[in-house]
Amino acid sequence: MSKFTKYTLLFILFGLLILIRFFENELFYDPYLEFFKNDYLYADSPKVEVFKLAMFTVLRYALNTVISLAILFVFFKDKSIIKFSGFIYLIAFVLLMIGYLYFVLNPKQDTYYIFFNLRRFLIQPIILILLLPAFYYHKLKN
C-alpha cells in the first residue's frame, strides 16, 4: 500500500469517527448527551427507554469498533494485532455494558461521575487512543 493510499484511508477513517461524534444527536438516541452537558451532579437522571438506549449504545460502540479496527489494520497491517484488538474490544464491551446498564437501571447522584466516565468508553473511541500508542511502542521494541 502506498503512503498516499495509507494516509488517505486513515484520513477517511478518522473522519468517520469525527462524523459519528459530530452527528451524535441526530444518529443516536441518548438522553444522557444533554444530561451530562449540564450540571448533572445535582440533577435527577433523565427518563430513558432502556432497551432503545442500550441498542443505540451497542450500535455506536460497534461502529466505533469497526472503524477503530480498520485504523489499526491500516497502521500496522498485522492480523494478529487485529485479532488481539478485537478480543480487547469484546471483553471491554461485555464489562462496560454490564456497568452501563447497572447505572442506567439504578441511577444515583453519587455515582453519576463513575457512570459518565464508564459511558465515555462505550460511546467514544477511547480504546483506540490506548491501543495505537501501545502497539506502536511494541512494534518499536521488536
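User: Leaving aside its neighbours within four places in sequence, what is tyrosine 100 in contact with?
Analyst: This is a predicted model. In it, tyrosine 100 touches Tyr32, Leu53, Thr57, Phe115, Leu118, Arg119 and Leu122.

User: Which residues touch the most other members of the largest nonpolar core?
Analyst: Tyr32, Ile71, Leu72 and Tyr100 do. That core has 37 residues.

User: OK, H1 and H4. How do their axes cross?
Analyst: H1 covers residues 3–22 and H4 covers residues 50–76. Their axes come within 10 Å and cross at roughly 165°. The two helices are therefore roughly antiparallel to each other. The crossing is left-handed.

User: Which residues meet there?
Analyst: From H1, Lys6, Leu9, Leu10, Leu13, Phe14, Leu16, Leu17, Ile20 and Arg21. From H4, Arg60, Leu63, Asn64, Ile67, Ala70, Ile71, Val74 and Phe75.

User: How do the residues of that contact divide into nonpolar, polar and charged?
Analyst: There are 13 nonpolar, one polar and three charged.

User: New topic, lysine 77. Where is its place?
Analyst: Lysine 77 is in the loop between H4 and H5.

User: What is its phi?
Analyst: Lysine 77 has a positive phi of about 50°, though it is not a glycine. Most residues other than glycine have a negative phi.

User: Does lysine 77 count as buried, exposed or partly exposed?
Analyst: Partly exposed, because its relative accessibility is 42%.

Methods: Residues are numbered from 1 along each chain as its sequence is written. This is a predicted model: local features need pLDDT of at least 70, side-chain atom pairs count only at pLDDT 80 or more; totals for chains, interfaces and linings use all residues. Side-chain values use heavy atoms; hydrogens and water are left out. Axes are lines fitted to C-alpha atoms, for helices over the stretch in contact, and angles run from 0 to 180 degrees between N-to-C directions. Helices (H or I, at least four residues) and strands (E, at least two) are DSSP runs, numbered from the N terminus. Angles under 35 degrees count as roughly parallel, over 145 as roughly antiparallel, 65 to 115 as roughly perpendicular and the rest as oblique. A crossing is left-handed if the near helix is turned anticlockwise from the far one by less than a right angle, and right-handed if clockwise. Contact means heavy atoms within 4.5 Å. Ala, Val, Leu, Ile, Met, Phe, Trp, Tyr, Cys and Pro count as nonpolar, Asp, Glu, Lys and Arg as charged, and the others, Gly among them, as polar. A nonpolar core is a set of buried Ala, Val, Leu, Ile, Met, Phe, Trp, Tyr and Cys residues joined through side-chain atoms within 4.5 Å. Buried means under 20% relative accessible area, exposed over 50%, partly exposed in between (1.4 Å probe, protein chains only).
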